[in-house]
Amino acid sequence: MQNENGDNVDLYIPRKCSWTNRLIKAKDHGSVQINVGNVDPTTGLYTGDSTTYALAGYIRHKSEGDMALTDLSSKNDAKMLAGEE
């Protein structure tokens, strides 16, 4: 919901899992949100930007969190090298 100025005034905005696109519930205490720093492909230095990934507790419970984060960051690296972002 937005107010007259266009600001978001909702009390709770649910997150979605970056790997499964499931909604992360408020009571999912096993979920994590990780910021991965972006690196300039030519110099190899941190650019000051980061990409945020949210992983649901369901994925972590199945021991697939490492694989999910690795795959998501690899896809992001390929996009950055291709110049899409």
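1. A charge sits over a ring if NZ of Lys or CZ of Arg is within 6 Å of the ring centre and within 35 degrees of the ring normal. Keep that in mind for R22 and Y58. The charged end of R22 lies over the Y58 ring, 3.9 Å from the centre of that ring. Note that this is a predicted model.

2. Next, the charged pairs. Side chains of opposite charge can pair when their charged atoms come close. How many salt bridges does the structure hold? The count is 2.

3. Another salt bridge links the side chains of D71 and K75. Here the N to O distance is 3.3 Å. Where do the two residues sit? Both belong to helix α2, which covers residues 65-82. They are separated by about one helical turn, because they are 4 residues apart in that helix.

4. K75 is partly exposed, at 48% relative accessibility. The cut-off for exposed is over 50%, so K75 at 48% stays in the partly exposed class. D71 has 27% relative accessibility and is partly exposed as well.

5. Last, the aromatic rings. How many aromatic pairs does a search of the whole structure find? It finds 0. The Y58 ring does have a contact of another kind, with the charged end of R22 sitting over it.

Definitions and conventions
Residues are numbered from 1 along each chain as its sequence is written. This is a predicted model: local features need pLDDT of at least 70, side-chain atom pairs count only at pLDDT 80 or more; totals for chains, interfaces and linings use all residues. Side-chain values use heavy atoms; hydrogens and water are left out. A salt bridge is a side-chain nitrogen of Lys or Arg within 4 Å of a carboxyl oxygen of Asp or Glu. Helices (H or I, at least four residues) and strands (E, at least two) are DSSP runs, numbered from the N terminus. Buried means under 20% relative accessible area, exposed over 50%, partly exposed in between (1.4 Å probe, protein chains only). Rings of Phe, Tyr and Trp (its six-membered ring) pair if their centres lie within 6.5 Å; planes under 30 degrees apart count as stacked, over 60 as edge-to-face and the rest as tilted.
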